[in-house]
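Student: Could you take me on a close look at the aromatic rings in this model and the sheet around them? I would like one connected account, with the cut-offs spelled out as you go.

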Amino acid sequence: MHKVRKGIQYYRDKKIHASDAIEAFLRDIPILAHLNDDDLHLLMTSLRQRSYKKGQFIIRQNDPGTDFYILSRGSAEIFRSPDYGPDEFIDVLKPGDSFGEIALIENTVRTAHVRAREDSSTLVLSRATFNQLFPLGSIVREHLTRSMRHVKLILESQALSHLSP
């Protein structure tokens, strides 16, 4: 998860061409900052847009991780459903926030639910393209892995559960 807080509409309101607005939006997302022009073009041509109604799940805890997401409009909540006890609220995602990388990097199931708090849209990237843009063994992948482990530690630690990722 990376906080940017500018939705795609911010860029579209600048009255620039739609593809230029999407490019500007993507360049402002920290996890994508390393991408050169060719990689950014690959990303832009690979993204799919998905829309969600208020209350609809974007991802579900324990489902297989197949995609990486960027929230482009609306807001969403992250929460976990422990084996025992009530759901645990983690964070609120705003436009420009990314999520879903933990399951892709660790090749595991989803560690939390993400649910739309209002009508929302995401840009979705497949695992194959994610791995192409963040190759195993690259410096960027290592940085992403370290950041992800920090988030995962906070999510899994009872002692640190009051901290926001």
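Tutor: Happy to! Let us begin with a term: a residue is buried when its relative accessible area is under 20%, exposed when over 50%, and partly exposed in between, using a 1.4 Å probe and protein chains only. By that rule, both Phe130 and Phe134 are buried.

Some ground rules come next. This is a predicted model, in which local features need pLDDT of at least 70 and side-chain atom pairs count only at pLDDT 80 or more, while totals for chains, interfaces and linings use all residues. Residues are numbered from 1 along each chain as its sequence is written, and side-chain values use heavy atoms, leaving out hydrogens and water.

Now the rings. Rings of Phe, Tyr and Trp (its six-membered ring) pair if their centres lie within 6.5 Å; planes under 30 degrees apart are called stacked, over 60 edge-to-face, and the rest tilted. The structure holds 4 aromatic pairs. One of them joins Tyr69 and Phe99, which are stacked with 5.1 Å centre to centre and 5 degrees between the planes. Tyr69 belongs to strand 3 (residues 67-73) and Phe99 to strand 6 (residues 98-99), so this pair ties together parts that are 30 residues apart in sequence. Helices (H or I, at least four residues) and strands (E, at least two) are DSSP runs, numbered from the N terminus. Tyr69 counts as buried because its relative accessibility is 4%, and Phe99 counts as buried because its value is 3%. The rings of Phe130 and Phe134 have centres 4.7 Å apart and planes at 35 degrees, so that pair is tilted. Ring pairs also bring Phe68 into a cluster with Phe130 and Phe134.

Strands 3 and 6 pair in the antiparallel sense over 2 bridges, and Tyr69 stands opposite Phe99 of strand 6. Two strands pair if DSSP finds at least two bridges between them. Both strands belong to an open sheet of 4 strands in the order 1-8-3-6, with antiparallel pairing. Strand 1 (48-52) and strand 6 are at the edges with a single partner strand each, so one side of each has no neighbour in the sheet.

Elsewhere, a charge meets a ring: the charged end of Arg60 sits over the ring of Phe57, 3.8 Å from its centre. That description requires NZ of Lys or CZ of Arg within 6 Å of the ring centre and within 35 degrees of the ring normal.
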